[in-house]
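Hi there,

Here is the structure I said I'd pass on to you.

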Amino acid sequence: MTRAMRRPIAAAIGALAVAATTAACGGGSGDDASEGDGTLNVWIMQGTNPDADDFFDEVSTAFEEETGATLDVEFVEWADAHDRFVTSIAGGTTPDVAETGTTWTPEFADAGALAPLDEQVEGAGVTDDLVEGLVEAGTYDGQLYGMPWYAGVRSLVYNTEMFEQAGVEPPTTWAELEDAAAALKEEFPDKIAVAVPGDAEFTVYPWVWGAGGEVATLEGDTWTSQLDSPESQEGIEFWTGLATEGGYSSAGATTWRETDVLDSFAAGDVGMAVMGSWTPGAIVDANPDMDGKFAAVPIPGKDGGMSPSVLGGSHLSMFETAEDKDLAFAFIEMMTTGEFAQKWGEQSGYFPGQVSLLDETLESTDPLVAPFAEQFVDGGASVPAAPTYGAVQAKATTSTMMQSILAGDADVATASAAAAEEMTTILNGSE
Amino acid sequence: MTQQLTAAPPRIGRARAAFVRPWLLLAPALLVLAVLLLWPLVRVFLFSLQDYGLREITTGEPNWTGVDNYAEILSTPELWTVVLPNTVGFAVLAVAGTVAFGTGVAVLLASLGTFWRTVTSSAIMAAWAMPAVTGTYVWVWIFDADRGVFNDVLMGLGLLDDPTNWFTDRWTFYAIVLLNVIHHGFPFVAVTVLAGLLGVPKEMLEAAEMDGAGSFRRFFSIIVPQLRQVFAVVIILSTIWDFKVFAQVYLMPGGAGSNRSVLNLGVWSYVESFGQNRYGFGSAIAVLLTLLLLVITAVYVRTVLAEEER
């Protein structure tokens, strides 16, 4: 009897031990970093460019011709990437160069894992030719750690068929947007006039900025979230009011992420939504019938003009473990400026981080390129470039605010005050 | 005399060998356990006494803060009002549901013929084999507010006027998680209990039937006591699993932290520690969770043992 009884205990203790140890050993197997044998190890995020393999074959050839070194590119999933960076930083097995999401760059720089690029960028003579929003996001403590590579921007995407049938024009002010939503709801009672997702922070900030508010401001060393300023609250009130007062959104949207918005828009169920410049391809992929049935406009300003929108994208960063820093920068320069930067932008649907390349894109007349490009250049903004901003995102501060407003659990004043307090605490790292 | 002298040393040697040999034989296994389990456990404990973040990882320098992490955890109001009630309440319901339903299925399986038993057990194996992530997405899809089957049926029947988002409310959210976890967890219970059921001596059941015991009486008075150890195993394991539920909550709409009223221990610790690179804080939570589960397990095993002795 007692022997039989001991087995479950042993099994239980074993299971407990496993539970506890998972905390200690994440991921593990790092890759061999710079071997110093003329190989450059690079991590690139998967899924940005559908033809990434061919693209990097070409880059490898060109890189080998120019420097004599071989290029070893590894593709990393966005979802795993942050954990893999952290594990590799811990194990000293970081690659020489890697694509880092714009909000990660200050975080890794703060950890001492990245090498500053200012001297080399100056040497390459491109300092003044880089997109400002991306430089701002890649700067930590006065030094540039992330070389602007590519980025996208969110604008207002709308279903042209639904708009025509409801007899409305794309909005240019907030009042027009509300009128358009009302008209769409009248014509299509079973569809969603405007999607107001609860779990998509980047669709909220344009309205905050558009009303003259700020997400957070830095004074000296101290961040203060401004989400509860009267201006910010006005913007949040307008955006969430479309759902809570107008009923132009849907109950499901309360917990939607941007991917859910995309699915519903692609299914033809949504009149308008804040969506990224990289989504048109995905919409048509998901539903070929949508081809040519949607267009974009910059996010309207309150009384005309444009509401700023987040430039979301990637830097190329050099890690401190890179043995040959000049070789590493040669690769960064090749990728982020000139021919390859432009090609990457064209293939992936993102905008390059070099201003002189953008000028050509701006001349485009494509209804799914021009409005985004306009927003990118004239209405781009950055989330607070604090190393702790990733922690704010992990805590889902803004989404929590949105969801509690949309679900009717809190009013804008209460929810935004709670969010601002939490964001300030986390940004200053004093939690 | 000489005989005694020569005889003595081998006896000591034999005694020592009898003492050393089992440990020698166990040594490889113990060594592996120590390296794979004990050392990480110790490390987790050491991390839990530090403010350990990305900077400490890169510099390799410790940053001791004593029991600050533990103090912070225990003084977080959210832990007591939301996280623990959700975790414990859910675990109790999920364990009860999984064991009850699994036992029911096991009884059903035991009464089936070979062919139907094979068919049914293959079917429940499919539920077991389904990865938690896939299963969760299926349940999310069923209860989706705009396109979900559940809302469609309710609205078709006229029970609901407008689509409802079941994921925003704490109770309906966890009702869905409960369905998901029971659905995923009952096959293990069913299979384990079935093995025990088949081992119950037929003679005892027949004798009870002769004495006039009905089927319920036979089940609760003969089968259940016989299966006490089997139940001990499934209950302890289910408790551990259901306490640590993560993916089934994290992947639900709003479950990743944006709906604070549905946070459980797994998601809360992930959001607070790994999401914010506060590995020391996360380690402290892991240590507390381990202790909590050890206590639950110990108490439960003791009660079972006490009953056994009575």
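Predicted model: local features only at pLDDT ≥ 70, side-chain atom pairs only at ≥ 80, totals over all residues.

Let's start with chain B, which splits into domain 1 (2-48) and domain 2 (68-309). The centres of domain 1 and domain 2 of chain B, taken over C-alpha atoms, are 40 Å apart. Where these domains touch, four residues of domain 1 of chain B meet seven residues of domain 2 of chain B. On the domain 1 side of that contact you'll find three nonpolar residues, one polar and no charged.

Now for the two chains together. Chain B puts 48 residues into the contact, and chain A puts in 36. On chain B, helices H1 (2-48), H2 (54-59), H11 (228-243) and H14 (279-309) each bring at least two residues to the side that touches chain A. H14(B) gives the most, with twelve residues. Sorted by class, this side of chain B has 24 nonpolar, 16 polar and eight charged residues.

Is Asn165(B) buried or exposed? Asn165(B) counts as buried because 27 other C-beta atoms lie within 10 Å, and the cut-off for buried is 20 or more. Setting aside neighbours within four places in sequence, Asn165(B) is in contact with Ala145(B) and, across in chain A, with Ala251(A), Gly252(A), Thr254(A) and Thr255(A). As for Gln276(B), its C-alpha is 29 Å from that of Asn165(B), and the two are 111 residues apart in sequence.

Cheers

Definitions and conventions
Residues numbered from 1 in each chain as written. Chains lettered and ligands numbered in written order. Buried ≥ 20, exposed ≤ 12 C-beta atoms within 10 Å, placed from the backbone. Contact = placed C-beta atoms within 7 Å. Domains from an automatic or database assignment. Nonpolar A, V, L, I, M, F, W, Y, C, P; charged D, E, K, R; others polar. Helix = DSSP H or I, 4+ residues; strand = E, 2+ residues; numbered from the N terminus.
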